[in-house]
Amino acid sequence: MSSADAEHREEEEPLAGDDEDTGAQVAPIVRLEEVAVSTGEENEDAILDLKAKLYRFDKDGNQWKERGAGTVKLLKHKESSKVRLVMRQSKTLKICANHLVLPKMTVQEHAGNEKSCVWHATDFADGELKEELFCIRFASIENNRLFMEKFQEVAESQEPEGESEDANAAAGLLETLKVEEKETTAEKKDEEAAHAAVKEEEKDIKSDKAAEESLSST
């Protein structure tokens, strides 16, 4: 075979590794079904949605501690019209603030920083009611002013009686926690008493057995 024929055959043969469209359809090994994810915000409308960084004041350390950077929202419930502030960390979506905006709440600019503001709230982000002093910082002065104006507007629009209802609900929750704690303590005491009774009974059995052995030896 001449060199010219060899070159001609090499040109006709497909190169190894070239992708060829065979028209075949490969079915997926695992079929993933769409899962609905609930955020707990389905019955609420967002009236404010801004990027920010949140801090809380640590009384023990007498310093500000970062709670996270993410999105802060003011959410209005579609039925009750109550408004709550919710903030989630951007990466983990962990809640770093979650509280109602009540009539007597006030927000004010943080001293020396026009991009930050502070306010007090009874927060539930950690699963229990806590009195917190928050500080939030925005990327611009405009966003900070918008947040403050909207926060104050919502607080002033809330009905005063709603605050007492919320306070009663919070008190009820705390009372429930106290009752559960008392029940747990009582159960623990009962268990300790039962263990003590068992030990006393075992002691009596050993004493009786020793007496029997003493009599049999004599």
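Visitor: How many bridges join S1 to strand S7?
Guide: There are 4 bridges between S1 and strand S7 (residues 130-137), and the two run antiparallel. This is a predicted model, so local features need pLDDT of at least 70 and side-chain atom pairs count only at pLDDT 80 or more, while totals for chains, interfaces and linings use all residues. Residues are numbered from 1 along each chain as its sequence is written, and side-chain values use heavy atoms, with hydrogens and water left out.

Visitor: What counts as a strand, or as a pair?
Guide: Strands are DSSP runs of E with at least two residues, and helices are runs of H or I with at least four; both are numbered from the N terminus. Two strands pair if DSSP finds at least two bridges between them.

Visitor: Which residue stands opposite Arg56 in S7?
Guide: Phe134 does. Likewise, Leu54 stands opposite Ile136 in S7.

Visitor: And how many bridges join S1 to S2?
Guide: There are 14, between S1 (residues 44-58) and S2 (residues 63-77), running antiparallel. Asp45, for one, has Lys76 in S2 as its bridge partner. S1 and S2 form a hairpin, with 4 residues between them.

Visitor: Is Asn62 buried or exposed?
Guide: Asn62 is exposed, with a relative accessible area of 59%. Buried means under 20% relative accessible area, exposed over 50%, and partly exposed in between (1.4 Å probe, protein chains only).

Visitor: What about Ser81, where is that?
Guide: Ser81 is in the loop between S2 and S3. Its phi is positive too, near 65°. Ser81 is partly exposed, at 34% relative accessible area.

Visitor: Zooming out, what order do the strands take in the sheet?
Guide: The order is S4-S3-S2-S1-S7-S6-S5, which makes 7 strands in an open, antiparallel sheet. The edge strands are S4 (95-100) and S5 (107-109), each pairing on one side only. Neighbouring strands are turned by 30° against each other on average, direction ignored. Axes here are lines fitted to C-alpha atoms, for helices over the stretch in contact, and angles run from 0 to 180 degrees between N-to-C directions.

Visitor: Which strands does H2 touch?
Guide: H2 packs on the sheet and touches S1, S2, S3, S4, S5, S6 and S7. Its direction makes about 105° with that of S1. Contact means heavy atoms within 4.5 Å.

Visitor: Which residues of H2 are buried?
Guide: They are Asn144, Phe147, Met148, Phe151, Gln152, Val154 and Ala155. Seen down the axis of H2, they fall within an arc of 160°, so they line one face of the helix. That arc uses the directions from the helix axis to the C-beta atoms. On the other side, Glu142, Glu149 and Glu156 are exposed.
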